[in-house]
Structures are given as C-alpha cells and as structure tokens.
Amino acid sequence: MTPEDLMRRAVALSMEKMQAGIGGPFGAVIAREGEIIAEGWNQVTSTADPTAHAEVVAIRRACQALGRFDLADCEIYTSCEPCPMCLGAIYWARLRRIWFGNDRRDAASIGFDDDFLYREIPLPLEHRSVPAQRLLGEEARAAFDAWLHKPDRTAY
C-alpha cells in the first residue's frame, strides 16, 4: 500500500468508529513496508480510558502482533497530529516516521485542545495548571538503584 492508501485507511477508521459511537474522530494505522500491522481508533468514551487514543491503541496492537515493544521498522499513519501523550508513546515505540492528516490547530477548532498540552510541557512545574511536587525522592530512588544492578534487566 502507498502512504496515501495507509493515510486513507486511518481517516476511514476515524470516521467509521466515530460514527459508530466508539470515540472521537481519530484513527491510526501502523505499517511496515506498506503492509498494515495494526489499526487503532479512539476509544476514550467507550472504554472510559483517557489513554485509549487511536495511536496508543494501534501501538499496543502492533506490539502484540509482532511480539515486541520496538517498532523501529514501522511507521504510523494517523488522522491527526499526535497529542503529547501519543507522541511520547510513538517515541517510546521507536516508530521511524509519523504521517498525519489534521494538525493540532484543526483539533482545537473542534474542541480538542492538544495544543494546550504542548504549551504546558515546557513550563516550569510551578507554572503548570496541574500542580506537581516531588515527594520521597530518596525512597523512590531505591527502585532505580535496584534496576541499575539487576543483571537480567531488559533495556528499552
């Protein structure tokens, strides 16, 4: 399949699943060498899961299908520019390229203000709209120290 075919599938998923009442108008496809490995669509409202964005669902399904957490040989086609959460998941999965249809301004124009999150992230903790404060850092460090010395850890 061509990049255009794969993007059309992501857009079709966004429309089909939104009209079925499953979630918002977002779809995603993960492909390797033009072949679809997994598909995802927004399921936030139908699963009561705020992390069930199309890209995250597609990443989970692709990892399950391939039996690994590294998708470096795959690309994602998503009907909208990924929000910061999805962008983080894409980087963690090591997808090699992102193709998107709508951008964050398009999403904001229909009530999905992902751009707000993009503006929040670079702010110092004390200026963000959700307060964040470090607590018990020394105690929490014990798990990191144990990980560092764990001989059978899997790096990721």
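## A buried lysine

Lys17 counts as buried, with a relative accessibility of 15%, because the cut-off for burial is under 20% relative accessible area. The values in this report come from a predicted model. Lys17 belongs to helix α1, which covers residues 3–19. Beyond its neighbours within four places in sequence, Lys17 is in contact with Ile22, Gly23 and Trp41.

## The chain as a whole

The chain has 7 helices and 4 strands. Read from the N terminus, the order of the elements is α-β-β-α-α-β-α-β-α-α-α. The C-alpha trace spans about 50 × 40 × 25 Å along its principal axes.

The chain contains 156 residues, of which 34% count as buried. Among the contacts with a separation of 6 or more, 47% are made by residues 24 or more positions apart.

## The nonpolar cores

In soluble globular proteins, nonpolar side chains tend to be buried together. In this chain, the largest nonpolar core has 18 residues. Those with the most contacts inside this core are Ile30, Ile59, Ala62, Leu71, Cys74, Ile76 and Leu95. Two or more residues come from each of the elements β1 (27–32), β2 (35–41), α3 (54–66), β3 (75–80) and α4 (84–93). The element that gives the most is α3, with 5 residues.

Apart from this core lies another, of 8 residues, including Leu6, Ala10, Val29 and Trp41. Which residues does Ile76 contact, leaving aside its neighbours within four places in sequence? The contacts of Ile76 are Ala28, Val29, Ile30, Glu55, Ile90, Leu95, Arg97, Ile98 and Trp99.

## The pairing of α3 and α4

Two packed helices are described by the angle between their axes and the distance between the axes. For α3 and α4 the angle is about 25°, and the axes are 8 Å apart. Angles under 35 degrees count as roughly parallel, and therefore α3 is roughly parallel to α4. The crossing in which α3 passes α4 is left-handed.

On the α3 side of the contact are Glu55, Val56 and Ile59, which meet Met85, Cys86, Ala89, Ile90 and Ala93 in α4. By type, the residues of this contact comprise 7 nonpolar, no polar and 1 charged.

## The surroundings of α4

The buried residues of α4 are Pro84, Cys86, Ile90 and Ala93. These buried residues pack against α3, β3, β4 (97–102) and α6 (114–120).

Arg94 follows α4 and is placed in the loop between α4 and β4. The phi of Arg94 is near 65°, a positive value in a residue other than glycine. Is Arg94 buried, partly exposed or exposed? Arg94 counts as partly exposed, at 34% relative accessibility.

Pro25 is found in the loop between α1 and β1. With a relative accessible area of 27%, Pro25 is partly exposed. Not counting residues up to four places away in sequence, Pro25 touches Ser14, Met18, Ser79, Ile110 and Phe112. Pro25 and Arg105 are 80 residues apart along the chain, and their C-alpha atoms are separated by 15 Å.

Leu136 lies in the loop between α6 and α7. The phi of Leu136 is near 55°, again a positive value in a residue other than glycine. Further along, Arg153 is found in the segment after α7 (137–148). Arg153 is partly exposed, with a relative accessible area of 36%. Leaving aside its neighbours within four places in sequence, Arg153 is in contact with Trp147 and Leu148.

Definitions and conventions: Residues numbered from 1 in each chain as written. Predicted model: local features only at pLDDT ≥ 70, side-chain atom pairs only at ≥ 80, totals over all residues. Heavy atoms only, no water. Core = buried A, V, L, I, M, F, W, Y, C linked by side-chain atoms within 4.5 Å. Buried < 20%, exposed > 50% of the residue type's maximum accessible area, 1.4 Å probe, protein only. Contact = heavy atoms within 4.5 Å. Axes fitted to C-alpha atoms, helices over the stretch in contact; angles between N-to-C directions. Parallel < 35°, antiparallel > 145°, perpendicular 65-115°, else oblique. Left-handed = near helix turned anticlockwise from the far one by under 90°. Nonpolar A, V, L, I, M, F, W, Y, C, P; charged D, E, K, R; others polar.
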